[in-house]
2 protein chains.
Amino acid sequence: MHTSLTCAACGLDHAVDQLQNLCTACGKPLLAGYDLAALRETFTPDAVRRRATRSMWRFADVLPVDDVSEAVSLGEGQTPLLRLERRGAFAEFENLFVKDEAFNPTGSFKARGMAAAVTRAVALGAKVVALPSAGNAAGAATYYANRAGIECFLFMPEDTPPANIIESVVGGANVFLVNGLISDCGKLVKQGCEQFGWFDLSTLKEPFRIEGKKTMGYELAFDMADAAQATQLQLPDVIFYPTGGGTGLIGMWKAFDEMQQLGWIGPERPRMVVVQAENCAPVVRAFEQGADHAEMFANASTVASGLRVPAAVGDFIMLRVLRESNGTALTISDAELLDGVREFATQQGIYACPEGGAVWKAAQQLLKTGWLKPDEKIVLFNTGSGLKYNHLFPVGGLPVLDHTDPDCLDCVVG
Amino acid sequence: MHTSLTCAACGLDHAVDQLQNLCTACGKPLLAGYDLAALRETFTPDAVRRRATRSMWRFADVLPVDDVSEAVSLGEGQTPLLRLERRGAFAEFENLFVKDEAFNPTGSFKARGMAAAVTRAVALGAKVVALPSAGNAAGAATYYANRAGIECFLFMPEDTPPANIIESVVGGANVFLVNGLISDCGKLVKQGCEQFGWFDLSTLKEPFRIEGKKTMGYELAFDMADAAQATQLQLPDVIFYPTGGGTGLIGMWKAFDEMQQLGWIGPERPRMVVVQAENCAPVVRAFEQGADHAEMFANASTVASGLRVPAAVGDFIMLRVLRESNGTALTISDAELLDGVREFATQQGIYACPEGGAVWKAAQQLLKTGWLKPDEKIVLFNTGSGLKYNHLFPVGGLPVLDHTDPDCLDCVVG
């Protein structure tokens with residue numbers, strides 16, 4: 001259980017035993033802190049390995065619960081790290097892995113954050129949660145709220161992919177479409193929270209979605225050790241992360257710091273790579289300009305709905321992580337990232353989300369420029385399942401065979 | 001690695017070192033056998049628990065590989081067993097669990113079978129596989145073939161759910177729609193195998209899809225022990241299984257026998273419950289009539305595409321399992337099973353497939369009749385993700401808020 005909640009910008013401490021959103025002084029995100037020194041005795045890699053818990057809650061000691069039994073859980077986390085086959089363009093990489101976050105409840109990494117946030121919100125008395133979403137966060141919020149037995153209000157841009165809307169409607173959330181962007185939805189959530197007393201679950205506007213997502217960083221250290229058949233935890237050389245709100249990136253960086261304080265790893269860190277869409281790249285632009293904060297990206301558009309975040313609350317933390325890690329940031333066009341999805345599917349057997357397609361194309365690009373070495377240990381994050389993006393791949397014109405025609409197979413092999 | 005392949009009906013042995021389909025003498029399914037006595041020393045529950053393998057291949061000793069490194073794997077298996085919250089109609093059950101197979105590559109339990117079958121087919125030289133599918137098997141075959149780097153031919157009824165068709169097309173399989181039922185597709189596959197030398201991956205027509213699916217039974221023994229915080233493996237009192245081809249049911253029953261021979265469990269067995277759709281219930285009808293084999297079910301129809309199997313190759317084995325286990329068989333209407341999906345979603349936070357909805361409604365029904373006791377340990381199998389059945393839940397008429405109207409939230413809370 002966390003022992004502190006501190007503003008990431010001004011350092012102000014906030015009470016841990018009540019519902020919190022942004023810093024009450026400066027409006028920036030709060031970060032949870034733990035008594036890591038006290039945990040060093042009992043919370044060891046070996047202890048974690050012995051736990052039967054098949055979810056991210058095997059790291060309960062650094063999550064907002066006193067005991068794993070308090071978790072609102074649907075089995076999130078403990079996703080596989082798959083080594084990619086050396087085939088097609090993938091053959092140029094000697095040590096390329098994908099952390100496949102499709103193996104989560106509601107089919108995306110958003111489950112980790114919502115599990116942690118809903119767990120803590122409910123423990124502190126929240127009865128209704130609300131958030132804006134243009135994609136996978138909607139379903140995750142709906143289903144974790146249902147698991148906890150609380151109510152959920154969702155505000156979604158009317159052009160949100162149908163799969164995201166349907167799963168939330170089936171789940172019985174109060175779904176409202178909005179004739180605007182996710183930022184417009186966010187304003188309505190803020191207004192609704194003030195007016196109706198909902199708890200705001202918007203990303204980084206409460207402190208625990210990041211705590212859930214940081215478990216990707218913890219798991220990775222075990223996954224890489226397993227892949228190397230080693231006992232000592234280890235991190236990859238480079239992590240490619242598709243970046244919308246950036247909570248996962250920030251969360252993993254926090255996890256690495258915590259692991260070092262726990263004595264699990266040394267000071268070494270992966271180079272972090274932010275991948276955004278060509279037409280929605282606020283963090284890439286700020287990184288290239290050497291800025292500390294990102295400007296709102298006007299007329300943002302991309303089929304990768306998880307990347308369509310024109311302004312992120314945690315922009316300044318991401319930019320800090322990129323520089324501290326000697327990382328980089330780049331964009332991928334929609335046409336390229338859809339090619340990436342097809343290559344993942346046909347050459348690896350993984351139906352990745354467009355965001356996953358983007359990081360793969362980004363890795364190819366950085367190998368060409370020499371920024372990556374072919375033998376480096378590289379992890380791509382596929383943040384969700386391609387199944388939620390079927391609308392991007394309309395099929396039609398498939399041959400229909402007449403099974404009563406004895407020659408109907410003649411057309412099958414050319 | 002298996003040491004024998006024996007016909008489930010006539011007992012004839014077949015060579016293990018070459019590709020096999022049905023029994024060459026009587027045309028019935030072959031079952032793989034292992035030298036379980038020799039495995040007793042090293043293949044123990046504790047040894048399994050210590051393995052880092054995060055997939056069903058932690059049971060590699062009883063799968064068709066010499067070593068786990070040979071497996072064609074995408075991270076299948078090790079799905080969570082979730083205890084259901086006591087809420088709504090679920091409150092009447094004291095020990096109700098769901099084994100959530102949505103946590104598999106391609107979003108369904110079909111991944112387990114295909115992982116094992118493709119692994120062995122490729123090891124024995126298959127370059128092209130083919131199968132009929134009206135649902136989730138198509139995507140699983142596509143993606144495991146891609147993972148292995150071989151070709152896949154699919155024959156699907158033209159009314160197959162769009163999600164199943166799209167994922168296979170994105171995966172680059174050779175997809176052919178057919179103006180008929182899955183049995184018509186199966187005939188075309190058979191003809192194509194003869195004509196073009198494809199390897200037939202149809203369920204139970206090769207020996208290893210069942211081997212992959214049996215891992216559900218192995219895992220369940222560990223899951224139930226974990227849920228009871230016990231070391232000794234244990235099985236539930238009752239298992240509800242949505243039954244199309246029935247490979248999972250047959251596979252689990254085989255797993256229990258193997259576990260007993262390994263000394264892991266005693267002779268106790270769960271009562272097995274077959275759940276089928278009202279308008280496609282060949283096994284239920286045969287069970288009720290006391291028959292040894294099921295008749296083809298005419299005019300089969302149900303929205304639960306996994307249950308739309310009018311004639312199953314393994315019918316006689318399923319009927320044997322039902323009787324040996326003191327189990328039962330019942331049907332659920334399409335309207336009821338969709339209600340079951342909604343109840344799972346809204347009351348548990350699980351977007352189940354229609355087949356999962358069906359087993360939940362079946363459990364309710366058998367509690368009412370007294371066949372189930374409220375305190376029995378009951379496991380429902382949710383065989384796949386609801387995300388692949390979005391077409392069953394068309395949404396429309398959702399409110400669209402005009403975010404430029406300052407009063408637009410007035411309609412939100414009634």
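Trainee: By class, what is in the lining of the second largest cavity?

Mentor: Keep in mind as we go that this model is predicted. The second largest cavity holds about 60 Å³ of space, and 13 residues line it. Sorted by class, that lining comes to nine nonpolar, two polar and two charged residues.

Trainee: And which helix gives the most to the lining of that second largest cavity?

Mentor: Start from the residues nearest the centre, which are Gln20(A), Arg120(A), Leu124(A), Pro207(A) and Phe208(A). The top contributor to the second largest cavity puts in three residues and spans residues 110-123 of chain A. That's helix α3 of chain A.

Trainee: How many cavities of 30 Å³ or more turn up in the whole structure?

Mentor: Rolling a probe the size of a water molecule over the atoms shows where empty space is left. Do that search over the whole structure, keep cavities of 30 Å³ or more, and the count is seven.

Trainee: What volume does the largest cavity have?

Mentor: Look at its lining to begin with: 32 residues, with Ala102(A), Asn104(A), Gly107(A), Ala102(B) and Gly107(B) lying nearest the centre. By class, the lining has 16 nonpolar, 12 polar and four charged residues. The volume of this largest cavity is about 440 Å³.

Trainee: Moving to the pockets, which element gives the most to the lining of the second largest pocket?

Mentor: The second largest pocket has about 1000 Å³ of space. Of its 47 lining residues, Pro132(A), Ser202(A), Thr203(A), Ala311(A) and Val313(A) are the closest to its centre. The elements of chain A that give two or more residues are α4 (136-148), α6 (182-196), α7, β10 and α8 (247-261). With seven residues, the one that gives the most is α6(A).

Trainee: In chain B, which residue of β8(B) is the bridge partner of Phe153(B)?

Mentor: Strand β7(B), residues 151-157, is mostly covered, with six of its seven residues buried. Five bridges join β7(B) to strand β8(B), residues 174-178, and the two run parallel. Within β8(B), Phe153(B) has as its bridge partner Asn174(B).

Trainee: What's the handedness of the β-α-β crossover from β6(B) to β7(B)?

Mentor: Strands β6(B), residues 128-132, and β7(B) pair in the parallel sense over five bridges, with Leu131(B) standing opposite Leu154(B). To get from β6(B) to β7(B), the chain goes through helix α4(B), residues 136-148, and the crossover is right-handed. Going on through helix α5(B), residues 162-170, to β8(B), the β-α-β unit is again right-handed.

Trainee: Which residues of α10(A) are buried?

Mentor: Helix α10(A), residues 315-324, is mostly covered, with seven of its 10 residues buried. The cover over them includes α8, β11 (271-277), α9 (282-289) and β12 (328-332) of chain A. The buried ones are Asp315(A), Phe316(A), Ile317(A), Met318(A), Leu319(A), Val321(A) and Leu322(A).

Trainee: Is Asn326(B) buried or exposed?

Mentor: Asn326(B) sits in the loop between α10 (315-324) and β12 (328-332) of chain B, and its phi is positive, about 55 degrees, although it isn't a glycine. Its relative accessibility is 58%. The cut-off is over 50%, so Asn326(B) counts as exposed.

Trainee: What about Gln229(A): what is its relative accessible area?

Mentor: Gln229(A) is another non-glycine with a positive phi, near 50 degrees. Its place is the loop between α7 (209-227) and β10 (238-242) of chain A. Gln229(A) is exposed, with a relative accessible area of 78%.

Trainee: Last one: is Thr106(B) buried or exposed?

Mentor: Thr106(B) lies in the loop between β5 (95-100) and α3 (110-123) of chain B. Leaving aside neighbours within four places in sequence, its contacts include Leu387(A) from chain A, plus Ala111(B), Tyr143(B) and Lys388(B). Relative accessibility is 13%, so Thr106(B) counts as buried.

Notes:
Residues are numbered from 1 along each chain as its sequence is written. Chains are lettered from A and ligands numbered from 1 in the order in which they are written. This is a predicted model: local features need pLDDT of at least 70, side-chain atom pairs count only at pLDDT 80 or more; totals for chains, interfaces and linings use all residues. Side-chain values use heavy atoms; hydrogens and water are left out. Buried means under 20% relative accessible area, exposed over 50%, partly exposed in between (1.4 Å probe, protein chains only). Helices (H or I, at least four residues) and strands (E, at least two) are DSSP runs, numbered from the N terminus. Two strands pair if DSSP finds at least two bridges between them. A crossover is right-handed if, with the strands pointing away from the viewer, the path from the first strand over the helix to the second runs clockwise. On a 1 Å grid over the protein atoms alone, a cavity is a set of points where a 1.4 Å probe fits but cannot get out, and a pocket is an open set with protein on both sides within 12 Å along at least five of seven lines; lining residues have an atom within 4 Å of a point. Grid points are joined across faces, edges and corners, and a volume is the space filled by probe spheres set on the points. Ala, Val, Leu, Ile, Met, Phe, Trp, Tyr, Cys and Pro count as nonpolar, Asp, Glu, Lys and Arg as charged, and the others, Gly among them, as polar. Contact means heavy atoms within 4.5 Å.
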